[in-house]
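Visitor: I have a structure to go through and some questions about it. Can we take it piece by piece?

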Amino acid sequence: MTSARLTIDLGALAHNYRVLARVAGGAELAPVVKADGYGLGAVPIARRLRAEGARAFFVARLSEGEALRAALGDRECEIFVLDGLADPAAAARLQAAALTPVLGSLDEIDGWAAAAGAGSAAPCAVHIDTGMNRLGVPVGQAQAAAARLAAAGLDLRLVMSHLSYAAEPAHPRNAEQLSRFQAAAAAFPGARLSLSASAGAFLGPAFRFDVVRPGISLYGGGPQERPHPDLKAVAILEAPILQVRDVAAGQWAGYGAMFSAPRDMRIGVVAAGYADGVLRTSHRTARAFIGGRPAPLAIVTMDLIAVDLTDCPQAAPGDLVELLGPHALLDDCAAAADTVAHECLVRLSSRAERIYRD
Ligand SMILES: *Cc1c(COP(=O)(O)O)cnc(C)c1O
């Protein structure tokens with residue numbers, strides 16, 4: 001083996017699903033599998049979660065919904081498309097693939113009603129903007145949205161919103177968004193409600209409502225942007241050492257000033273790089289692991305990474321280096337690259353060979 005290997009541990013995914021189900025109390029989990037299942041494969045991920053009991057999924061784009069519908073081929077699973085009807089021409093495609101748009105404005109509600117035809121009870125969800133200022137009907141238009149949905153006879157499956165500060169449990173904006181959501185939800189008596197993604201699910205019973213939409217924590221990312229002890233790594237990225245080299249104090253590795261040796265040391269040159277999805281900026285503080293022992297990253301170039309072998313004196317060419325996994329934790333890798341776990345996952349590229357493991 002001379003290239004990087006990405007193992008996707010579906011057993012760990014199922015474990016995380018069960019952990020989240022417990023955290024969510026009695027709320028239904030509707031997994032988010034946008035961006036090809038956070039880069040890990042929306043179809044195998046959704047199939048495995050279906051086997052665990054999931055009956056509804058979220059994607060972002062219409063094309064993602066179409067691909068998932070074609071693969072699942074099962075109209076009993078509901079697939080919500082977060083983009084909704086931002087493009088009015090999407091209506092026919094949404095209908096053809098039996099997708100449920102998450103409508104984010106009064107115009108989108110009107111557009112979906114017109115496309116569906118009078119009294120058709122076409123399914124939809126409504127997104128209420130409680131402060132994030134991305135998509136969604138403003139709270140002040142919730143009554144108008146409810147009136148139009150009712151007049152058109154649409155089948156309202158879910159009223160949802162999204163939290164901006166859920167990774168910071170003590171942040172006052174969580175309670176602010178919660179109360180705005182409750183106020184807006186009053187316009188939709190009897191509707192199923194959803195406010196929380198992964199992080200929100202951990203904020204307590206008031207934030208759970210009927211449906212929780214977990215993404216990152218299913219894939220092993222902690223709800224507060226740091227590792228959570230109950231969640232397992234789903235993505236395991238490994239690559240072999242190609243060469244072991246001795247570098248004298250003051251010598252360098254890689255391009256420019258990326259790394260200069262503070263002392264005489266040994267480095268391992270590893271067959272992976274940012275072309276496999278290891279974020280280039282992570283070389284400053286990220287650690288890889290060899291047989292469970294830490295090997296700090298020294299450089300990250302397109303095809304090659306160098307790691308410091310000071311604590312791994314036995315390491316030899318051919319040994320596997322864990323760049324992401326049960327030791328090189330997703331949230332630590334993200335922090336080292338000054339980003340979030342979500343970005344670390346979606347950057348994993350197709351160059352690494354993929355293996356799905358139960
Ligand atoms: C991406 C997304 C989610 C999932 O968020 P995670 O942080 O990955 O759990 C849920 N809801 C909406 C609206 C999203 O855009």
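Guide: A definition to start with: buried means under 20% relative accessible area, exposed means over 50%, and partly exposed is in between (1.4 Å probe, protein chains only). This is a predicted model, in which local features need pLDDT of at least 70, side-chain atom pairs count only at pLDDT 80 or more, and totals for chains, interfaces and linings use all residues. Residues are numbered from 1 along each chain as its sequence is written, and side-chain values use heavy atoms, with hydrogens and water left out.

Visitor: Is Glu225 buried or exposed?

Guide: Glu225 has a relative accessible area of 51%, so Glu225 is exposed. Glu225 is found in the loop between E10 and strand E11 (235–247). Helices (H or I, at least four residues) and strands (E, at least two) are DSSP runs, numbered from the N terminus.

Visitor: What about the phi of Glu225?

Guide: Phi is near 60 degrees there, a positive value in a residue other than glycine. Most residues other than glycine have a negative phi. Ala35 has a positive phi too, of about 50 degrees. Ala35 is in helix H2 (residues 34–38) and is partly exposed at 34% relative accessibility.

Visitor: Change of topic. How do H6 and H7 pack?

Guide: Helix H6 (residues 106–116) and helix H7 (residues 142–152) pack at about 5 degrees, with axes 10 Å apart. Axes are lines fitted to C-alpha atoms, for helices over the stretch in contact, and angles run from 0 to 180 degrees between N-to-C directions. That makes H6 roughly parallel to H7. The label covers angles under 35 degrees; over 145 is roughly antiparallel, 65 to 115 roughly perpendicular and the rest oblique.

Visitor: Which residues make the contact?

Guide: Leu106, Ile109, Asp110 and Ala113 come from H6, and Ala144, Ala145, Arg148, Leu149 and Ala152 from H7.

Visitor: How many aromatic pairs are there in the whole structure?

Guide: Three. One of them is Phe181 with Phe209, edge-to-face, at 5.1 Å centre to centre and 85 degrees between the planes. Rings of Phe, Tyr and Trp (its six-membered ring) pair if their centres lie within 6.5 Å; planes under 30 degrees apart count as stacked, over 60 as edge-to-face and the rest as tilted.

Visitor: Which parts do Phe181 and Phe209 lie in?

Guide: Phe181 is in helix H8 (residues 172–185) and Phe209 in the loop between helix H9 (198–201) and strand E10 (211–212), so the pair ties together parts 28 residues apart in sequence. Phe181 is buried at 0% relative accessible area, whereas Phe209 is partly exposed at 24%.

How values were computed: Contact = heavy atoms within 4.5 Å.
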